[in-house]
Amino acid sequence: MADHVDRILEQWKAEKPDLDVSPMAIIGRLSRAALAVDARLANTFARYGLDASSFDVLATLLRSGAPYRISPVELARDAMISTSAVAQRLNKLEARGLVSRQANPDDGRGTLVALTAAGRKLIETALLPHLETERAITASLTVEEKTLLAALLQRINDAARPLK
């Protein structure tokens, strides 16, 4: 079944027949899939008053284990948000009572971000529907295809990292 990416590839083939545009088939579909997945996940998050970044912060704190607190640097590293977004995201979550900032007992100058009881309740409520959405998105793939796709995407991710 032809899609938008196939149309783009056909246009390039007609305009520049000597040009190998085959990477566009992968990157184009990967980009379109990412947008579609993000939209589906956003619908699930919205049911709980969350967005992807907020979900990731709360999920990162929950999976860190008791006492559900980590430094902002660890949070930026482990959550799927940029370091520049951490402070802004924490301000919003703190205003909602979902996280708190505490003095770091091991570093007098540092702080720790902690999951509040309300934050823990919210993330535990939203986690299963989030996983169900992800399951629904990947349901057309066999277990073997899921394993292969995850490995292939990791290789693309590794190759796409900026050069140092």
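## Terms and model

Helices (H or I, at least four residues) and strands (E, at least two) are DSSP runs, numbered from the N terminus. The model described here is predicted.

## The loop between H3 and E1

Tyr68 lies in the loop that runs between H3 and E1. Its phi is near 60°, a positive value in a residue other than glycine. Pro67 is also placed in the loop between H3 and strand E1 (69-70). The peptide bond that joins Ala66 and Pro67 is cis, with an omega of about 10°.

## Packing of H1 against H2

Two packed helices are described by the angle between their axes and the distance between the axes. For helix H1 (residues 4-15) and helix H2 (residues 22-46), the axes come within 9 Å and cross at roughly 150°. Angles over 145 degrees count as roughly antiparallel, and H1 and H2 are therefore roughly antiparallel to each other. The crossing of H1 past H2 is right-handed.

On the H1 side, the contact is formed by His4, Val5, Asp6, Leu9 and Trp12; H2 contributes Met24, Ala25, Gly28, Arg29 and Arg32. By class, the residues of this contact comprise five nonpolar, two polar and three charged.

## Packing of H3 against H5

H3 packs with helix H5 (residues 83-95) at an angle of about 80°, and their axes are 10 Å apart. Since angles of 65 to 115 degrees count as roughly perpendicular, H3 and H5 are therefore roughly perpendicular to each other.

In this contact, Ser53, Ser54, Val57 and Leu58 of H3 meet Arg89, Leu90 and Leu93 of H5. The contact residues of H3 and H5 divide into four nonpolar, two polar and one charged.

## The largest pocket

The volume of the largest pocket is about 950 Å³. It is lined by 26 residues, of which Ala34, Val37, Asp38, Leu41 and Glu134 are the closest to its centre. Two or more lining residues come from each of H2, helix H3 (52-63), helix H6 (117-138) and helix H7 (143-160).

H2 supplies the largest share of the lining, namely eight residues. In its composition, the lining of the largest pocket includes 17 nonpolar, three polar and six charged residues.

Key. Residues numbered from 1 in each chain as written. Predicted model: local features only at pLDDT ≥ 70, side-chain atom pairs only at ≥ 80, totals over all residues. Heavy atoms only, no water. Axes fitted to C-alpha atoms, helices over the stretch in contact; angles between N-to-C directions. Parallel < 35°, antiparallel > 145°, perpendicular 65-115°, else oblique. Left-handed = near helix turned anticlockwise from the far one by under 90°. Contact = heavy atoms within 4.5 Å. Nonpolar A, V, L, I, M, F, W, Y, C, P; charged D, E, K, R; others polar. 1 Å grid on protein atoms, 1.4 Å probe; cavity = no way out; pocket = protein on both sides within 12 Å on 5 of 7 lines; lining within 4 Å. Points joined across faces, edges and corners; volume = space filled by probe spheres on them.
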